[in-house]
Amino acid sequence: MNPLLRVDDLARHYPVATATGQKRMLHAVDGVSFSLAAGKTLGLVGESGCGKSTTARLVLGVLPATCGRITFAGAEVSATRDRHWRALRRRMQLVHQDPLAALDRRLPVGEQIVEPLVIHGLEAGAEARRQKALQLFEAVGLRPDLFERYPHELSGGQRQRVVLARALILGPELLVCDEPISALDVSVAAQVINLLQDLQGRLGMAYLFISHDLKVVRQIADEVAVMYLGRIVEQGPPEALFHAPAHPYTEALVSAVPTLQRGTRERIILRGDPPNPVDRPAGCAFHPRCPRAVARCREEEPVLRPASDGRLAACHLVPLATDAQAAAA
Ligand SMILES: Nc1ncnc2c1ncn2[C@@H]1O[C@H](COP(=O)(O)OP(=O)(O)OP(=O)(O)O)[C@@H](O)[C@H]1O
């Protein structure tokens, strides 16, 4: 079956000036490929600056790619902002981490929920729009009396529900959730995650779910991709990935969450920040921070390929799948 979303060799480079005034290229996203089936969730994790948000903006067609290809429901996504782009954008919506920034402080939240309908000229008549918005209010668990309130009169969790209701009003097939709970406290965040799962069950949307919270990603994702310095370094089902990480970088991320770590392997503590993407280390980009690195890691760049247990990993130390296993995966 064709996936709903397919990303092939996607890249986004930025020309930047170094401290000495030299012009260099920053590879924010550098050859990323994945696919996402309808109704499923792909979690995207990795340290700050690894390219998660850039990937999200490329997928939504709000940022042009340097190269690569994005296909949504069989149609190519490009950042052209023409009629074709607008029609596709209706079917994929963004849920951002900061609901206050996403909402207009001067408008009651009920009015903001119906805005996408007005923009796309989809529902004639103010009353029909209001009824639709009230239905969505209920679907995201908001009381109808909050309809006329302004964003600053709502709690953070309520505001994120308003943002969700607005994203849902056009009936999207894909929600791109970029750190949707990072501004919320733990119990409210848990409610929003439960709501997202519930909505997915009822409406069958696919989620591209970006988060640095591995526990939440394990709960919500069907598949997880780990990014490092603009590339995917490991991808697989959350249970396998978090309980028995193959790539030392995934292992380091998991080591930082004691309740996720299993087994007796020595923990990998991540030291320092990731390298500057302008000066990507030779060989494996993770080798300067990897306690398991061997000579080959400093010289030869590992490519992302099937490991013996079916997941994808870009590490010289991970046993590769045999040709037969790779073909079956
Ligand atoms: N407009 C830009 N010009 C130059 N560099 C950029 C630009 N936008 C992003 N970058 C760089 O691209 C890299 C990836 O950024 P991105 O925001 O995608 O990372 P991220 O994983 O989403 O981080 P965070 O979790 O902090 O949001 C970073 O090094 C960032 O500094």
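Asp9 counts as exposed in this predicted model. Its C-beta atom has 12 neighbours inside 10 Å, and the cut-off for an exposed residue is 12 or fewer. Asp9 lies in strand E1. Its phi is near 50°, a positive value in a residue other than glycine.

A second residue with this backbone feature is Glu179. The phi of Glu179 is near 50°, again positive and again in a residue other than glycine. Glu179 is placed in the loop between E7 and helix H7 (186-203). With 18 other C-beta atoms within 10 Å, Glu179 is partly exposed.

Strand E1 takes part in a hairpin with E2. Five residues lie between the two strands. In the turn, Gly21 has a positive phi of about 85°. E1 and E2 run antiparallel and are joined by 11 bridges.

Strand E4 (residues 67-72) pairs with E5 over two bridges, in the antiparallel sense. Thr71 has Glu76 of E5 as its bridge partner.

Leu88 sits in helix H2 (residues 83-89). With residues up to four places away in sequence left out, Leu88 touches Gly61, Phe72, Ala75 and Val77. Leu88 is partly exposed, with 19 other C-beta atoms within 10 Å. The cut-off for a buried residue is 20 or more such atoms. Arg280 is 192 residues from Leu88 along the chain, and the C-alpha atoms of the two are separated by 35 Å.

Another open sheet holds eight strands, in the order E6-E7-E8-E3-E9-E10-E12-E11. Its pairing is mixed. Strand E6 (92-95) and strand E11 (305-306) stand at the edges. Each has a single partner strand, so one side of each is left without a neighbour in the sheet. Strand E7 (residues 174-178) and strand E8 (residues 206-210) pair in the parallel sense. Five bridges link E7 and E8. Val176 has Leu208 of E8 as its bridge partner. Helix H1 packs on this sheet and touches E3, E7, E8 and E9. The direction of H1 makes about 150° with that of E8.

The shell around the ligand comprises 13 residues. Ala28, Ser48, Lys52, Ser53 and Thr54 come nearest. Strand E1 (5-17), strand E2 (23-36) and helix H1 (52-59) each supply at least two residues of the shell. The largest share, three residues, comes from H1. By type, the shell divides into six nonpolar, six polar and one charged residue.

Helix H10 (residues 248-255) is largely enclosed by the rest of the structure, because seven of its eight residues are buried. The buried residues of H10 are Pro248, Tyr249, Thr250, Glu251, Ala252, Leu253 and Val254. The strands are strand E3 (41-45), strand E9 (223-228) and strand E10 (231-236). The helices are helix H8 (214-220) and helix H9 (238-243).

Over the whole chain, there are 12 helices and 12 strands. The radius of gyration is 21 Å. A compact globule of 329 residues would have a value near 20 Å, which agrees. Along the principal axes, the C-alpha atoms fill a box of roughly 70 × 45 × 45 Å. Buried residues make up 41% of the 329 residues. Among contacts with a separation of 6 or more, 61% join residues 24 or more positions apart.

Conventions:
Residues are numbered from 1 along each chain as its sequence is written. This is a predicted model: local features need pLDDT of at least 70, side-chain atom pairs count only at pLDDT 80 or more; totals for chains, interfaces and linings use all residues. Helices (H or I, at least four residues) and strands (E, at least two) are DSSP runs, numbered from the N terminus. The radius of gyration is taken over C-alpha atoms; the globule rule is 2.2 Å times the number of residues to the power 0.38. Two residues are in contact if their C-beta atoms, placed from the backbone, lie within 7 Å. A residue is near a molecule or strand if its C-beta atom, placed from the backbone, lies within 6 Å of it. Ala, Val, Leu, Ile, Met, Phe, Trp, Tyr, Cys and Pro count as nonpolar, Asp, Glu, Lys and Arg as charged, and the others, Gly among them, as polar. Two strands pair if DSSP finds at least two bridges between them. Axes are lines fitted to C-alpha atoms, for helices over the stretch in contact, and angles run from 0 to 180 degrees between N-to-C directions.
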